[in-house]
Amino acid sequence: MDVVVGVDVGTTSAKAAAVRADGGVLTVASQGYPLLVPEPGHAELDPEAVRAAVRSVVVEVLGRAAREGARVSGVCLSAAMHGLVAMDADGTPRGPLLTWADGRAAEVARTLRPTAQGARLHGRSGAPVHPMSPLVKLAWLREHGGVDVAAVPRWGGVKELALSVLTPRFAVDLSCAGASGLVDAQAAVWDVEALRVAGVEESQLAEVVGTTEVVGELAADVAREAGAGAGVPVVVGASDGVLGSLGTGAVASTVAAVSLGTSGALRVTGGRFVVDDDRRLFCYALAPGLWVSGGAVNNAGSVLRWASRAFGALSGPAGGGVGPDDGHDDGQGDGQGDGLDDAALDAADAALVAEAARVAPGADGLLALPYLLGERAPWWNADLSGAWLGLRRHHGRGHLVRAGMEGVCLQLALVQEALTAVGSRPEVVRATGGALASELWAQLLASALELPVELGEGTEGSASGAALLGHHALGALPDLQQAAGTWRPEHIVDPVPEMVAIARRRRPLVTETVTLLADVLRGLSAESEVAATD
């Protein structure tokens, strides 16, 4: 039995899975690490904790696979996007890794995004101009962070950090490079204009390679610790979002992939690089001839988790919020660090969902803008904040929660609108994520998108996607379209006509309201930033 070990390095954990070419999972291991929020607006990782977790899960899964008689034909990596870490010339980290959720570069993004230059950079890289972007982070560090970015020997992200454990080559895949905002994705080279904005040279960055590139053999010390043989090839892999799509077999343009955990995303795979004229979408490489377009939303299950605390369903810190995640973790807690375990958190959320389910669709005229953590797609505006509109005396906690859930799904429908504008016409959704354990979430999603939603358990998400890409790179899966057959839906949820009608009416109202309130919300955001520093 041949397996590839797929390694998914996220914002709160590293996971490895030994996976056959037919998608069958032999064994899985994971190890968490804390998301560090030393001050408001910061969101960092200890890079040495990340490297230790990568080594640990790879050693564990390689060892288990060997003991079960499997032949490990390769290792392939998935990584969270938009991270930034300074490194010495030998790859040793010089300081914390700034995750996508670090918001300190907001002012740079606010200035750059509406310009013609911002549009050009987004259009070539596929990465929206946003505080998450390493392009924007580097410009902020240079202009406001007191860092001589040109003097740092190497700059990398989560992928480069993980690879440094497994093989000595300083490389990054086109998918993660595109997500940095620093690359010309179609030419597969670092972008001269972007480098100038960031203040770095190509020599400080990793070699850009295709996602199926074998970048070396597994480091001898790692193989030895795992009891594995020498010469195991390491495939560079891709980013976690596109590999999440591959892990669910969403590789045809007629199938959309949705992840709905603490945050969420909607993605469609196609044969061309495409960014819409309004710059609402991202577009990242999956494999030669395959690109994944879509949008991520900051607020999904996080809205429910906030409501559990704010509305008294869960005992915890008064006014407690939720920590940011990478959009693909749905079983790692909420980053709150308050000692509450997942079971208690999930029970509180479930109780609120049950209340929301007893409220009529449309929440009796209540419309929510659920932007508790700012928002990415389609607005890419960190200044947005949450609002409940149409609030009346008869509205109660269940109405507020239902409107929030409906607002999350409407946000994903706005991403779908942007995809429709570039010719995407999916016919079904394959959905994963902890939020979808709730039938109400699934109904709201299906109704907002007006598509049937397939739910399933038989996937390890981005780790499985990485393994399947590794099989493809090493010749065991000649056509990635075969990955479509690895998804085994257990349940299909169809749109509910009454909910569909309400979502159709509400979707343009969200766009109109955000347009009208954007300046007001920006002013409130500025006041909040001042208060946080007092």
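Modeller: In this predicted model, a residue is called buried when its relative accessible area is under 20%.

Biologist: Why is Arg402 called buried rather than exposed?

Modeller: Arg402 has a relative accessibility of 2%, and buried means under 20%, so Arg402 counts as buried.

Biologist: Where does Arg402 lie, and what does Arg402 touch, not counting residues up to four places away in sequence?

Modeller: Arg402 lies in helix H12, which covers residues 397–421, and contact means heavy atoms within 4.5 Å. With residues up to four places away in sequence left out, the residues that Arg402 touches include Ala356, Ala357, Val359, Ala360, Pro361, Gly362 and Ala363, and also Leu440, Leu444 and Met499.

Biologist: What makes the radius of gyration of the chain agree with that of a compact globule?

Modeller: For 534 residues a compact globule would have a radius of gyration near 24 Å, and because the chain has 22 Å, the two agree. Along the principal axes, the C-alpha atoms fill a box of roughly 70 × 50 × 45 Å.

Biologist: Among contacts between residues at least 6 apart in sequence, what share joins residues at least 24 apart?

Modeller: That share is 74% in this chain, whose secondary structure comes to 15 helices and 23 strands.

Technical notes:
Residues numbered from 1 in each chain as written. Predicted model: local features only at pLDDT ≥ 70, side-chain atom pairs only at ≥ 80, totals over all residues. Heavy atoms only, no water. Helix = DSSP H or I, 4+ residues; strand = E, 2+ residues; numbered from the N terminus. Rg over C-alpha atoms; globule rule 2.2 N^0.38 Å. Buried < 20%, exposed > 50% of the residue type's maximum accessible area, 1.4 Å probe, protein only.
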